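Dear colleague,

Please find below the structure I promised to pass on to you. My findings follow it.

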Amino acid sequence: MTAPKLALTEGDLSTTAADAVVVGTLQGADGLELAPGADAVNAAFDGALLEVLGTLRASGKADELVKVPTFGKLAAPLVLAVGLGKSAGEEQVRRASGVAARALAGKKRALNTLASVHLVAAAEGTLLGAYSFTEYKSDKGEAAVAKVDLIAPASKENKAALKAAVAISEAVAIARDFVNTPPNDLYPASFADRAAKLATAAGLDVEVLDEKALKKQGFGGILGVGGGSSRQPRLVRISYKGAKAVKKVALVGKGITFDTGGISIKPALGMDEMTSDMSGAAAIVATMVLAAKLKYPLEIIASIPMAENMPSGDAYRPGDVLTMYGGKTVEVLNTDAEGRLILSDAIVRACEDGPDYLIETATLTGAQVVALGKRTAGVMGSDEFRDRVAAIGTAVGESAWAMPLPEELRADLDSRLADLANVTGHRWGGMLAAGLFLREFVAEGVQWAHIDIAGPAYHTGGAYGYTAKGGTGVPVRTIAAVLADIAANG
């Protein structure tokens, strides 16, 4: 997909040639209101734009779209009025701009007045809302709007903010593209190759460990999970070091390119969605490319395990004991709890680099969806850093909720054979038990956060806001904001 070109402009809306002008509407206390930035458009309608919208039964509710012909009152023939709901906050502007971007498909140029409310949100919403994945379609449909002028001053600060917003949106699109690529084309080796090419092009250092190197170095979790597939596992290591790095951050992402559940096979219904089980890895690869673009004053090292969880004569079994990287042993009670096994190997390896912080993300548990729904990630880890990550994620529009790691659940991971088991054997607190399992592999003194994105990483319904069907790119924007916060505040 070719993304729209964005530009800042302060031109006269009444004389600027375009295919459409985007304005916002609000659900005010006394009824429909125009959002800030719509004054010039309203003036062109002789102050009657609200009346026209009311006639068309506009309400201002979130994601609402009402089209109004201008009949020559503006140089643009069409006004797109998009609802923000009850406030013109950052996320509301992002969502409304996404709605508008989808409606502008096939157009050459549009003007977005919501940028005067919140420039970054309008930019991100436009780019993410215009996103579509058509690589495997014969009919590609209408192209995204070619250019969107954001109505905001072309100041030095705004230019810098727009540049960052574009880079972040491009990173989200990279993650979405990975998730949306089917598993017959995206398997451990091809995923590793694509990640390496992107990282190398961004000037990053890359190391790819194949199955022979994994065996030599003792990555028992990755090898155990990936052994059932003819397409062998990989571990990708990507390194970035910014100038005057103030902190070292480790990133880890789950890269199960397809998950059948292994011998503990999943039900057929919905198994196709397991093409998204590498969403965490996709987000980490995209974030590393973004780090190089935005030049964070940090040292960041990503450890990304990739495997395909398949049932075969070579697959690991319930009852097997795996020796993980670093020496701990795990009794496998359920081969469908595979993500934590490959992540544990990667976490131990990441901690060998001596990071100050470790951020790990995965489509890890169905229990996350049961507890928090499809749009809110669960965040576990060190109390202070966990809360920091959850707050930052919610602030950038990727809803997140801090979750506990109850000590009473830890005993349920005890094994009769090994150091611990990979599941508790009951259904209570499954997301929390997975977090406790991962904690066993985090080095002492490392501030860490585990982001479970089982629900938010993949959207199965109709498009809304700036979110299309398929891969969402969550939590790229969260991790990017956390990195920026660490760079600024330590």
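What percentage of the 490 residues in the chain is made up of buried residues? In this predicted model, the buried share comes to 57%.

I begin with the chain as a whole. Its secondary structure consists of 15 helices and 21 strands. The radius of gyration is 24 Å, close to the 23 Å given by the globule rule for 490 residues, so the chain is as compact as a globular protein of that length. The C-alpha trace spans about 80 × 50 × 45 Å along its principal axes. Of the contacts in the chain with a separation of 6 or more, 75% are between residues 24 or more positions apart. The accessible surface amounts to about 19300 Å², and carbon and sulfur atoms account for 51% of that surface.

I also examined one helix pair. Helix H3, residues 90–103, packs with helix H4, residues 119–129, at an angle of about 35°; the axes of the two helices lie 7 Å apart. The crossing of H3 and H4 is right-handed. On the H3 side, the contact involves Glu-90, Val-93, Arg-94, Ser-97, Gly-98, Ala-101 and Arg-102. These residues meet Ala-121, Ala-122, Glu-124, Gly-125, Thr-126 and Gly-129 of H4. Sorted by class, the contact of H3 with H4 comprises 4 nonpolar, 5 polar and 4 charged residues.

With kind regards

How values were computed
Residues numbered from 1 in each chain as written. Predicted model: local features only at pLDDT ≥ 70, side-chain atom pairs only at ≥ 80, totals over all residues. Heavy atoms only, no water. Axes fitted to C-alpha atoms, helices over the stretch in contact; angles between N-to-C directions. Helix = DSSP H or I, 4+ residues; strand = E, 2+ residues; numbered from the N terminus. Left-handed = near helix turned anticlockwise from the far one by under 90°. Contact = heavy atoms within 4.5 Å. Nonpolar A, V, L, I, M, F, W, Y, C, P; charged D, E, K, R; others polar. Rg over C-alpha atoms; globule rule 2.2 N^0.38 Å. Buried < 20%, exposed > 50% of the residue type's maximum accessible area, 1.4 Å probe, protein only. Areas by Shrake-Rupley, 256 points an atom, 1.4 Å probe, with all protein chains shown as cover.
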